[in-house]
Amino acid sequence: MTDATTLIDKIWNAHVIRTLSDGRTLLHIDRHLIHDGSSRQAFDGLRTLDRKVRNLPLNFAVVDHIVSTLPGRTGESHPPGRERIHALRDNCRQFGVGLFDVDSPRQGIVHVIAPELGIALPGTTLVCGDSHTATNGGLGALAWGIGTTEVMHVMAAQALLLRKPKQMRITFRGAPQEGVFSKDLILHVIGRHGVSAGAGFAVEYAGEAIRRMAVEERMTICNMSIEFGARMGIVAPDDSVIQYVAGRPFSPTGRLWEQAVAHWRTLASDEDACFDRELEIDCSAVRPQITWGTSPQDLVSIDEPLPDPASAADAERCEAMRRAFAYMDLVPGCPLEGVPVDYAFIGSCTNSRLSDLEAAARVVRGRKVAAGVTALVVPGSMQVKAAAEAAGLDKVFVAAGFEWRNAGCSMCVTSNGDVVAPGKRAISTTNRNFEHRQGPQSRTHLASPASVAAAAVSGHIVDVRKLLRG
Amino acid sequence: METFTIVTGIAAPLLLPNINTDAITPMIAGRSLSADIGKLLFANWRYHPDGSEIADFVLNQPPYREAKVLIAGANFGCGSSRERAVWALMRFGIRCVIAPSFADIFYDNAFQNGLLPLVLPVAEHVALADAVAQAREPVVTVDLDLCRLTDPDGRAIAFTVPAERRVALREGLEEIQVILRMEDEIDAFQARDRGVRPWVYLDR
């Protein structure tokens, strides 16, 4: 035994209020993000308990899941969402929680705005009633998604009762090829190890490829921890994170900044720290990835043929694959390249930050969206939108025939008016390709922003490397 | 929270792996907050787009319409954190889901609401599913007092549940009550932590 500790141990230990005799920990929660989709019953629960929100300044609310993204949108623009937006406004007003409302220049997808506003900080614990909360792990926050009951617990107590997860480290070796992005790398991990490999684990992403990634790219990796089965995913904060956090609206300043930075510099796994499981991937061998089925693990490299259910490891997997092929209207053994798409969607908490839009714009520039393709770009936040417009990216997309929208979850989640029509095929920068996810009978292929842009201008699924070379 | 001691009822087999929360409770455009959440359960598998039932879906068939137990494949409840996946199962009448494994967030959400997510080793899970499929009356008993499951043939299967979860289910004890008993310690932690990590507390 050594005293060596992991990054996750260090953050965990700094937040332990009490360890119970049954092994559970009462853990302090530094930041709580609330959104329109999962909070209403939690506020009702507070009322039932006759409780206030314990630490108001540590709680932030935003509308994202059910808000329209159409130009000129208001809280009334998507009638089915009205009821919930009004409920969130009323609840925030009654309890005194700060809300980034539809008309706020700071509004956006909850996991995009938390880092962008300096709400998420390295070394903090951060929770939200949304499974993609681990996105914030990209800047070194220990962040995870919770259900509505726990949303109520955090509001009442600024603490949660939980068991410490096992720990896994995934080391990313080598350098990715041209046309391969962080989205491809995390999809590759999921495809190789499956959607439940991370269950029960918190994951630290490490290795030279992670170190070289920009903070936003790390967020994409951490975002899809849940598709790997893990609630928490994190990268150790380094100089690039400290630069990223500096000067944001809720980031510390002055003497507090110096103190915070000194603390953040201690946040890394010790060299001899032990993990319950270690995995490694060679990034240089990864090609652009795309899903073919109805689970994020139904994955191929763009230049490889679709798998044969007959070669599945067991009968259950074979049956699941057959079902996915039928749902997706695809044939085993055929290539995915060349399959026509009806929709191309660039957005969601996975891939809607400025660098994602830049990567897509590089492919789109000077090209046109193919006839018959509905193509959308939905920036992750109004600040991302403004930054993209300042860089002229909106003009690139609009000139090509993309719709340029306001910030929100949009076509990822089927609850705000943006849906894929029944039976139609979409290629999306999102994180879930489940049956009916983007609309009833919708068919979804997950890929990187560049790959989605490439399909939009080609009219079919294509190897993005051909367009980057062209 | 509804207590859970002994539940006897129909067990419905739904043996796909990775049944996700979008399948359990789909996003349905225009659904009102006040709509019956039990009707939302597996909506895309239970109903045609016109609202009529899909006859061959297990929960549309007698006797499974009355199911109190669901036997599901591995990694049940993967996907989103939406707690209404649990609420919809409960509202339908399901009190226990038996699977070889559960997704982490669903597993926690289930316990918070009095739904028992019961993990069985693969071999026992397969044997139980077979027994249920072949039984004339696919009735099982889940006894949380004895931590014992009885299959339709009367065979007993022992199971384990984390001790604190078992206590909470049997007593209907809500976790928030346990947490709020430690409020003094939360106060003390924050007072101490404001000295150590002052930048965390935005109200200074």
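Predicted model: local features only at pLDDT ≥ 70, side-chain atom pairs only at ≥ 80, totals over all residues.
**Entry 1: ground rules**

I count two residues as in contact if their C-beta atoms, placed from the backbone, lie within 7 Å. With that rule I looked up how the two chains meet: 49 residues from chain B and 55 residues from chain A take part in the contact. On the chain B side, the elements giving two or more residues are α1, α4 (104–112), α6 (163–171), α7 (175–180) and α8 (183–196) of chain B. I sorted that side by class and found 24 nonpolar, 14 polar and 11 charged residues. For the classes, Ala, Val, Leu, Ile, Met, Phe, Trp, Tyr, Cys and Pro are nonpolar, Asp, Glu, Lys and Arg are charged, and the others, Gly among them, are polar.

Residues are numbered from 1 along each chain as its sequence is written, and chains are lettered from A and ligands numbered from 1 in the order in which they are written.

**Entry 2: chain B as a whole**

I looked up the elements of chain B and found 8 helices and 7 strands. Helices (H or I, at least four residues) and strands (E, at least two) are DSSP runs, numbered from the N terminus. The C-alpha trace of chain B spans about 65 × 45 × 25 Å along its principal axes. Of the 204 residues in chain B, 42% are buried. Buried means that 20 or more other C-beta atoms lie within 10 Å of a residue's own, exposed means 12 or fewer, and partly exposed lies in between, with C-beta atoms placed from the backbone.

Chain B splits into domain 1 (6–172) and domain 2 (174–204), with bounds from an automatic or database domain assignment. The C-alpha centres of these two domains of chain B are 37 Å apart.

**Entry 3: Ile24(B)**

Is Ile24(B) buried or exposed? Ile24(B) counts as buried because it has 26 C-beta neighbours inside 10 Å. I found Ile24(B) in helix α1 (residues 21–24) of chain B. Setting aside residues up to four places away in sequence, Ile24(B) touches Ile19(B), Leu41(B), Phe42(B), Gly77(B), Ala85(B) and Ala88(B). I also checked Ile24(B) against Leu180(B): they are 156 residues apart in sequence and 32 Å apart in space, C-alpha to C-alpha.

**Entry 4: strand β2 of chain B**

Next I followed strand β2 (residues 69–72) of chain B, where Val69(B) and Ile71(B) point one way, Leu70(B) and Ala72(B) point the other way, and all are buried. Strand β1 (residues 6–14) of chain B pairs with β2(B) in the parallel sense over 4 bridges, and Pro13(B) has Ile71(B) as its bridge partner. Strands pair here if DSSP finds at least two bridges between them. β2(B) also pairs in the parallel sense with strand β3 (residues 96–99) of chain B, over 3 bridges; there Leu70(B) stands opposite Val97(B).

Beyond its neighbours within four places in sequence, Ile71(B) has contacts including Ala11(B), Leu15(B), Ile98(B) and Val132(B). Ile71(B) turns up again in the largest nonpolar core, which has 216 residues; Val69(B), Val97(B), Ala344(A) and Ala360(A) are also among those with the most contacts inside it. Such a core is a set of buried Ala, Val, Leu, Ile, Met, Phe, Trp, Tyr and Cys residues joined through C-beta atoms within 7 Å.

**Entry 5: chain A**

Chain A is divided into domain 1 (7–163 + 239–260), domain 2 (166–237 + 269–285) and domain 3 (289–469). The C-alpha centres of domains 1 and 2 of chain A lie 24 Å apart, and 21 residues of domain 1 are in contact with 20 residues of domain 2. The domain 1 side of that contact has 12 nonpolar, 9 polar and no charged residues.

I then looked up an open sheet of 4 strands in chain A, ordered β11-β10-β9-β12 with parallel pairing. Its edge strands are β11 (232–234) and β12 (277–282) of chain A, each pairing on one side only. Strand β9 (residues 166–173) of chain A pairs with β12(A) over 6 bridges in the parallel sense, and Met168(A) stands opposite Arg277(A).

Last, helix α13 (residues 382–390) of chain A: Met382(A), Gln383(A), Val384(A), Lys385(A) and Ala388(A) are buried there. The buried residues of α13(A) pack against α4 (110–116), α12 (354–364) and α14 (393–400) of chain A. Just after α13(A), Gly392(A) takes a positive phi of about 80 degrees.
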